[in-house]
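Morning, everyone. Please bring the structure up on your screens, and let's walk through it together.

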2 protein chains.
Amino acid sequence: MAMNTNPARGMRDFLPEDKALREYVKSTIRKVYETSGFTEIETPAVENIENLLGSDGGENLKLIYKILKRGEKLDLDQSGLNESDLADLGLRYDLTIPLCRYYANNKANLPGVFKAIQIGNVYRAERSQKGRYRTFVQCDVDVIGDTSITTEIDLINTVTKALTALSLNNFVVRINDRRVLKGAIAFAGFSDDEFPKVCIILDKMDKIGEDGVKNELLKESYDEANIDKLMDVLKVVSSDNIEALKNYGVEEAAVESLSTIISAVKMLSGGAYDIEFDFTLVRGMGYYTGTIFEIAMSDLGYSVAGGGRYDELIGRFIGESVPACGFSIGFERIVDLLKERNFKPNQRDKVALVYDESTAINVVMSTAEQLRTEGSIVSILQKAKKFGKQLNRFEAEGYNKVAILNNDALELKNLLEE
Amino acid sequence: MAMNTNPARGMRDFLPEDKALREYVKSTIRKVYETSGFTEIETPAVENIENLLGSDGGENLKLIYKILKRGEKLDLDQSGLNESDLADLGLRYDLTIPLCRYYANNKANLPGVFKAIQIGNVYRAERSQKGRYRTFVQCDVDVIGDTSITTEIDLINTVTKALTALSLNNFVVRINDRRVLKGAIAFAGFSDDEFPKVCIILDKMDKIGEDGVKNELLKESYDEANIDKLMDVLKVVSSDNIEALKNYGVEEAAVESLSTIISAVKMLSGGAYDIEFDFTLVRGMGYYTGTIFEIAMSDLGYSVAGGGRYDELIGRFIGESVPACGFSIGFERIVDLLKERNFKPNQRDKVALVYDESTAINVVMSTAEQLRTEGSIVSILQKAKKFGKQLNRFEAEGYNKVAILNNDALELKNLLEE
């Protein structure tokens with residue numbers, strides 16, 4: 001049989017070294033999350049297509065991989081066929097829709113405050129391009145059922161600890177609140193209809209700067225007095241005087257909440273990283289209702305985690321209001337970053353145990369077992385005729401030691417020092 | 001939006017406790033495999049449909065989930081549409097086809113002797129019934145590129161160690177060799193054409209016994225003298241006198257191989273489990289060429305792992321002969337078995353840290369961090385008005401300790417002893 005040996009378009013095979021890094025990142029994150037009382041759940045990658053198509057996924061809905069109906073359900077003889085006649089299932093494009101469905105399905109068996117870890121592949125049929133994958137891992141942590149501000153603090157604390165555990169240090173937490181945006185933008189004189197567009201422009205501050213934002217707002221023909229009032233917030237309010245937000249129409253609860261979170265996170269970080277109020281932090285998802293936050297790598301200019309409070313989203317799915325707050329780590333970005341930095345997980349000794357025909361099999365096997373019991377990773381390998389070449393290959397293959405069995409005698413050599 | 005809250009048909013949501021057990025089983029198996037020099041790889045769950053349909057999967061080919069073409073590639077206006085016009089991708093139904101494709105695709109970057117771990121979901125649109133799932137985890141370990149018998153011994157040694165690490169003890173390894181079956185069945189007088197059917201009947205020995213096997217062979221109208229000669233092997237040959245196989249047309253190499261494997265495994269097991277030659281062990285897959293083995297739970301009558309040598313399979317895919325030998329653990333069976341036995345992974349202290357409004361948030365947070373640093377899992381939770389009920393819920397939710405913060409004072413109580 002002739003086989004197309006490439007993975008499906010936009011998908012990847014992972015070599016042993018890459019897979020080891022991915023599993024290391026997953027297990028490090030998982031362990032930190034578990035220590036904070038989160039428990040992992042799993043939902044299938046395949047969901048009923050109506051749940052996916054009926055969701056609030058915007059552009060993502062166009063990227064769903066749809067699964068063909070099977071057996072009698074697939075009727076190709078009818079005329080005017082369309083996709084909804086053909087597909088009854090699809091691959092999930094995020095982990096939030098499955099989480100909502102899961103919560104509704106299993107609520108009776110879940111704790112009152114449900115703290116969920118989800119680590120899994122999602123699928124999006126994106127246009128193929130470098131660095132854009134059609135399946136990638138999402139790594140979400142969500143608290144469902146708690147209105148308290150300790151939720152936000154603990155989420156930030158937990159996710160930053162996970163990054164630190166992965167040897168990532170040079171980052172900053174940026175924080176804002178949707179209520180701050182709502183309050184200040186209305187106070188400046190913008191209408192509710194104008195709110196989303198104003199947010200989108202504010203969000204570009206990183207890239208185009210204060211003048212750029214002002215120009216874009218002017219281009220939309222908004223009232224210049226409103227624009228100036230809005231830009232005032234930027235000039236006056238900083239992490240150190242969040243109280244000033246109260247002068248710009250922001251409700252007291254939102255100000256107190258931000259101030260308490262920032263103070264607690266500063267205490268917990270012990271100065272190892274900073275947390276900054278950022279009025280221009282918007283975050284794309286329309287479903288956020290309160291605190292929003294992200295973690296940016298200071299020297300790289302991109303974020304590696306983001307999230308916020310979404311007290312109304314689950315209610316939309318299950319018809320019952322449930323508070324929720326979540327944080328999502330950009331797993332693929334972190335893996336890429338660690339790979340670029342040539343990060344190696346702590347490794348055990350990796351021994352190539354080489355034997356030739358002079359050695360009894362039982363001696364080979366018991367020697368391997370002995371070395372394994374002592375803590376080494378041991379591969380049992382036949383000695384090649386060209387032993388020098390074989391030794392070179394061992395090095396390339398990641399072994400740091402070679403154990404040579406010859407007439408039942410064992411010789412252990414360090415490969416890398418030679 | 002109204003949501004169908006059930007998972008897709010035949011698929012499962014996993015509650016935190018079940019997921020914890022699944023991850024424990026995966027990580028235990030992974031660690032033992034790694035110690036034996038295996039490295040984990042990953043392939044996407046989605047493969048090009050031609051690779052799946054062109055494979056040797058028998059009945060499984062009918063169970064493939066096919067993925068609808070996207071965008072312009074999907075032309076619904078043509079007449080006489082069939083499935084191959086509609087689908088270009090599919091979900092993998094096993095991990096062997098992806099392994100072959102992966103090996104062909106990445107050979108240049110893989111070690112000469114490639115020892116692969118694969119742990120992943122596969123998908124089969126089986127008829128729905130209790131205990132039959134449409135997605136399940138397979139857990140495979142394969143050695144590609146080594147003809148040596150140390151491969152078989154090390155695979156058996158490694159998989160049995162994984163079972164032992166999972167607290168499974170009461171099992172037996174059954175072993176045979178396709179060359180034994182070939183030799184003895186031909187020696188008894190059966191033709192090559194009759195070979196597969198004779199194997200299928202021999203394989204039923206477990207269920208229908210010696211008389212049953214003989215009757216089924218008679219029913220096929222095979223020559224009675226041939227049948228008697230074949231049944232002779234069963235009567236005469238046992239684990240202790242495998243040499244006798246030489247009198248039944250079995251090639252010497254196969255006999256020596258079995259004898260060496262059995263001796264080495266007995267040495268390595270130290271009597272903790274048994275290894276038995278079983279002439280009626282056939283194993284379904286047609287691609288095996290040499291040693292075949294499985295591990296059966298002695299008291300349960302079913303196998304939890306199986307595998308063997310398949311020196312010709314990869315060649316069929318990649319057009320170059322490559323020796324290979326693999327072992328697959330029945331992950332779902334093992335998880336079900338441990339769940340039945342109420343097995344709990346070693347658990348850390350799980351503390352519900354309860355606070356009320358009298359306590360400053362920063363005290364709550366730093367107390368939680370202190371307990372976490374000392375090794376506990378800590379969830380931060382608001383004290384409920386009905387605290388007695390809340391304590392009962394904590395127990396049900398798996399907490400074994402409660403830490404109560406009141407006016408900044410900490411009280412730590414054991415929940416389970418009360």
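**Helix pairs, a covered helix and some loops**

Helix H8 of chain B crosses helix H9 of chain B in a right-handed sense. Keep in mind that this is a predicted model.

Let's stay with that pair. H8(B) covers residues 205–219, and H9(B) covers residues 224–236. Their axes are 10 Å apart, at an angle of about 155°. Angles over 145 degrees count as roughly antiparallel, so H8(B) is roughly antiparallel to H9(B). Which residues make the contact? From H8(B), they are B:Glu210, B:Lys214, B:Leu217 and B:Leu218. From H9(B), they are B:Glu224, B:Ile227, B:Met231 and B:Leu234. By class, that contact has five nonpolar residues, three charged and no polar.

Here is a general point. An α-helix has 3.6 residues a turn, so residues three or four places apart point the same way.

Now a second pair, in chain A. Helix H1 spans residues 16–35, and helix H12 spans residues 331–340. The axes of H1(A) and H12(A) come within 10 Å and cross at roughly 125°.

The domain assignment gives domain 1 as 16–340 and domain 2 as 350–414. Their centres, taken over C-alpha atoms, are separated by 50 Å.

What lies in the loop between H12 and strand E12 of chain A? A:Asn342 does. It has a positive phi of about 60°, yet it is not a glycine. Most residues other than glycine have a negative phi. A:Asn342 counts as exposed because it has 6 C-beta neighbours inside 10 Å.

B:Ser167 is not a glycine, and its phi is positive, about 65°. You'll find B:Ser167 in the loop between helix H5 and strand E7 of chain B. With 10 C-beta neighbours inside 10 Å, B:Ser167 counts as exposed.

Next, B:Tyr287. This residue lies in the loop between strands E8 and E9 of chain B. It has 17 C-beta neighbours inside 10 Å, so B:Tyr287 counts as partly exposed. B:Leu313 is 26 residues away from B:Tyr287 in sequence, but their C-alpha atoms are 6.1 Å apart. Leaving aside neighbours within four places in sequence, B:Tyr287 is in contact with B:Asp56, B:Tyr310, B:Glu312 and B:Leu313.

Now for helix H4 of chain B, residues 96–106. How many of its eleven residues are buried? Eight are, so the helix is mostly covered. Among the buried ones are B:Ile97, B:Leu99, B:Arg101 and B:Tyr103. The buried residues of H4(B) pack against strands E2, E5 and E6 and helices H2 and H11 of chain B.

Last stop: where the two chains meet. Chain A gives 86 residues to the contact, and chain B gives 86. On the chain B side, helix H13, residues 361–373, supplies the largest share, seven residues. That side has 40 nonpolar, 26 polar and 20 charged residues.

Methods. Residues numbered from 1 in each chain as written. Chains lettered and ligands numbered in written order. Predicted model: local features only at pLDDT ≥ 70, side-chain atom pairs only at ≥ 80, totals over all residues. Contact = placed C-beta atoms within 7 Å. Helix = DSSP H or I, 4+ residues; strand = E, 2+ residues; numbered from the N terminus. Nonpolar A, V, L, I, M, F, W, Y, C, P; charged D, E, K, R; others polar. Axes fitted to C-alpha atoms, helices over the stretch in contact; angles between N-to-C directions. Domains from an automatic or database assignment. Buried ≥ 20, exposed ≤ 12 C-beta atoms within 10 Å, placed from the backbone. Parallel < 35°, antiparallel > 145°, perpendicular 65-115°, else oblique. Left-handed = near helix turned anticlockwise from the far one by under 90°.
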